[in-house]
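Please walk me through this model. Start with the loops, then turn to the helices.

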Amino acid sequence: MTSVVLALYEGAMLFEAVGAFEVFGVDRELVDPWYDFKVCGPQHGLLGGWLRIDTPHGLDALEEADTVIVPSCDDVEADPPADLVDAVRAAHGRGARIMSLCTGAFVLAAAGVLDGRRATTHWAHAAALAARYPEIRVDPDVLYVDEGSVLTSAGKAAGMDLCLHVVTVDHGAAVANALARTLVVPPHRAGGQAQFAAVPATAGAGHAFADLLHWVNERLHEPLTVSDLARRANMSTRHLTRRFTSATGVTPLRWLHAQRINRARELLETTDHGIEHIATRTGMGSAATLRRHFHRALGVPPDAYRRTFRGARGTPAVT
């Protein structure tokens, strides 16, 4: 997989494109040969809304590429360029490895290469991708998805994670780790790790359950159950579950659990409280329970999460 082509297009974003160039386009003599990297795109288009695209290669460069990288787009509602969609479809058809970074997944989806596959994109646009392309199994909670010949990533830094993952697949962990040290980025974050997207805790005044959501969030330290929520709402448990799910998209139990995890994240990020104390403050009961549910929800244990988000301030005490 030595030939890598980055496919720029009108409306492509700058951050992910530059990240791909730093990984595949700069030969740091870590292994010989490194990638044969090209950038292609339309003449006089704009990258990131202000930087003019000026490359000697057109989309015909995709015809011989081993790997095609499609960076994110600035408007997921707009149809991607038809010639890019056709070129990506043709490259995939002849066996090229296709990668999208962030919302570049919408280009791959339009080309049909994600049909029947698991894929991801930035969490804020995952619902739109799933709604527009129901044939795709969209996973909004992971950093990247490797389906072999088709790979997709979440937003921004997750694109770098996917690029380093590809280097690991092609050249091994030692080379990828050396490259990561050169770039001063984490050497490896597993693709299944969560995107750490915040879960909405409240709703506007006009929401059917605004008062209930506020009441629950004031009492997350208590061992609340769905029955407690139903009594507060003056409904049967079954009736509450049906109406709550219709209004919020999740069951009361899943919502309550998500709020406990979200509160734990806030405390890990902003306080030095130990895990046992945080478990009590979030209604989890014990540190063991918090660790189990936290890892299941976010893909990392609480102490690793805290180090990620508070590393610059030192390592707080954890019990």
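Where is Asn-234 found? This is a predicted model, and it places Asn-234 in the loop between α8 (226-233) and α9 (237-248). The backbone there deserves a look. Phi of Asn-234 is near 60 degrees, a positive value in a residue other than glycine. Most residues other than glycine have a negative phi, and most peptide bonds are trans. Asn-234 has 73% relative accessibility, so it counts as exposed.

Val-184 also has a positive phi, near 60 degrees, and is not a glycine. It sits in the loop between α6 (173-183) and α7. Val-184 counts as exposed because its relative accessibility is 72%.

Next comes a peptide bond. The one from Asp-32 to Pro-33 is cis, with omega near 5 degrees. Pro-33 lies in the loop between α1 and β2 (36-40).

Now take helix α1 itself, residues 14-24. Its buried residues are Glu-16, Ala-17, Gly-19, Ala-20, Val-23 and Phe-24. Seen down the axis of α1, these buried residues fall within an arc of 160 degrees, so they line one face of the helix. An α-helix has 3.6 residues a turn, so residues three or four places apart point the same way.

Last, a helix pair. The axes of α7 (residues 210-217) and α10 (residues 252-270) come within 11 Å and cross at roughly 45 degrees. That angle makes α7 oblique to α10. Their crossing is right-handed. From α7, Leu-213, Val-216 and Asn-217 meet Trp-255, Leu-256, Gln-259 and Arg-263 of α10. By class, this contact between α7 and α10 has four nonpolar, two polar and one charged residues.

How values were computed:
Residues numbered from 1 in each chain as written. Predicted model: local features only at pLDDT ≥ 70, side-chain atom pairs only at ≥ 80, totals over all residues. Heavy atoms only, no water. Buried < 20%, exposed > 50% of the residue type's maximum accessible area, 1.4 Å probe, protein only. Helix = DSSP H or I, 4+ residues; strand = E, 2+ residues; numbered from the N terminus. Arc of directions from axis to C-beta. Axes fitted to C-alpha atoms, helices over the stretch in contact; angles between N-to-C directions. Parallel < 35°, antiparallel > 145°, perpendicular 65-115°, else oblique. Left-handed = near helix turned anticlockwise from the far one by under 90°. Contact = heavy atoms within 4.5 Å. Nonpolar A, V, L, I, M, F, W, Y, C, P; charged D, E, K, R; others polar.
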